[in-house]
Amino acid sequence: MSDIKKIAVLTSGGDAPGMNSAIRAVVFSAINAGIEVVGILRGYEGLIDWETIALDIATVRNINNQGGTILFTSRSERFMDREYRRLAACNLRDNDIDAVIAIGGDGTLRGAIAFREEGVNIICIPGTIDRDMCCTEYTLGFDTAANTAAEAIDRIRDTSLSHGRCSVVEVMGRKRGYIALWAGMATSADAIIIPEKWDGNFDNITETIKRRHTDGRNSYLVVVAEGVTDAPELANLIKEKTGIDSRVSVLGYIQRGGRPSAKDRMYGSLMGAYAVEIIRKGGKNRIVAIKNDVLTDYDIAEALSLNNNEIDSFQYELSLMLAE
Ligand code: F6P
């Protein structure tokens with residue numbers, strides 16, 4: 001029987017669809033195990049300022065299908081400073097919190113690693129649309145973001161086709177190309193440009209578009225990850241080298257909002273419940289992860305050195321073949 005009585009949960013960094021499902025599962029699992037749950041508002045900022053709400057079943061019952069995070073979020077500059085982390089740890093001790101569950105991306109994980117110096121038990125859940133955490137094959141929000149991007153690109157393709165244009169669509173992903181690869185493949189893009197495979201040369205792309213133009217095609221779709229290049233510059237280059245009218249759409253924050261997909265609700269629920277289990281079993285400073293499609297967990301410091309999230313080469317090669 002665990003002696004855990006009270007835990008806290010927070011969301012930090014860029015919000016991601018599925019975070020609410022994770023919060024909900026944390027609350028249901030904890031309360032069923034007789035553990036009280038406090039919600040920390042605005043991520044690590046709320047830990048420092050002790051901005052909290054009590055979380056019970058009624059508060060979280062209907063949030064599974066909501067985008068964003070009911071706990072709000074932030075990218076806390078202050079938490080990088082040890083003085084504020086000490087203050088946050090004091091707040092947790094003063095309020096008898098036995099462990100914290102932090103849902104977020106790499107920045108959240110790095111904050112957690114630094115925070116454990118203060119003797120706090122912090123368990124992370126990977127949540128970011130970018131799917132860019134090296135310890136896990138999946139991060140909450142990716143599926144919804146990839147679907148939102150694909151849907152938006154389908155619409156752009158319709159108008160691009162009608163006008164005989166080349167559309168350059170920039171998607172999010174920070175330094176990773178997962179959203180671009182998935183949304184690009186799903187929408188049969190002529191070219192998908194991702195940081196992991198980018199050789200710094202646009203000639204292949206402009207040559208391919210020119211060749212297709214000569215062969216009678218009249219519209220083109222290029223999906224580019226934000227971490228590669230400036231999309232308007234790329235569109236200008238395509239126009240200059242091919243003579244084809246090229247337009248840019250930067251999808252931006254629509255990719256981060258919206259109702260979570262069934263996958264993000266499911267994974268959010270699984271990860272939230274799993275995090276509570278880790279705490280109940282006496283686990284300390286762990287991150288929940290997916291490996292070979294199964295839930296697992298790692299020490300948070302070890303997590304940074306793992307390599308579970310490479311772009312699959314079969315998938316990438318296929319994207320090139322299908323773009324022909
Ligand atoms: O990490 C999620 C993400 O949406 C990235 O894809 C993007 O680069 C970044 O956050 C944007 O951050 P902000 O909300 O601070 O502008």
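This is a predicted model: local features need pLDDT of at least 70, side-chain atom pairs count only at pLDDT 80 or more; totals for chains, interfaces and linings use all residues.
View 1. For tyrosine 253, a polar side-chain atom is 2.4 Å from a ligand oxygen atom. Glycine 173 takes part through a backbone N or O atom, 3.3 Å from an oxygen atom of the ligand. A polar contact is a pair of N or O atoms within 3.5 Å. The residues around the ligand (a heavy atom within 4 Å of it) are Arg75, Thr128, Ile129, Asp130, Met172, Gly173, Arg174, Glu226, Tyr253 and Arg256.

**View 2. Packing of helices H1 and H10.** Helix H1 (residues 19–32) and helix H10 (residues 262–280) pack at about 40°, with axes 7 Å apart. Helices are DSSP runs (H or I, at least four residues), numbered from the N terminus; axes are lines fitted to C-alpha atoms over the stretch in contact, and angles run from 0 to 180 degrees between N-to-C directions. H1 and H10 are therefore oblique to each other, a class left after angles under 35 degrees (roughly parallel), over 145 (roughly antiparallel) and 65 to 115 (roughly perpendicular). The contact (heavy atoms within 4.5 Å) involves Ser21, Ala22, Ala25, Val26, Ser29 and Ala30 of H1 and Asp264, Arg265, Gly268, Ser269, Gly272, Ala273 and Val276 of H10.

**View 3. Packing of helices H7 and H12.** The axes of H7 (residues 178–186) and H12 (residues 313–322) come within 10 Å and cross at roughly 40°. Leu181, Trp182 and Met185 of H7 meet Gln315, Tyr316, Leu318, Ser319 and Leu322 of H12.

**Notes.** Residues are numbered from 1 along each chain as its sequence is written, and side-chain values use heavy atoms, without hydrogens and water. Local features need pLDDT of at least 70, side-chain atom pairs count only at pLDDT 80 or more, and totals for chains, interfaces and linings use all residues.

Technical notes: Helices (H or I, at least four residues) and strands (E, at least two) are DSSP runs, numbered from the N terminus. A polar contact is a pair of N or O atoms within 3.5 Å; within protein, one must be able to donate a hydrogen and the other to accept it, and residues adjacent in sequence count only if both atoms are side-chain atoms.
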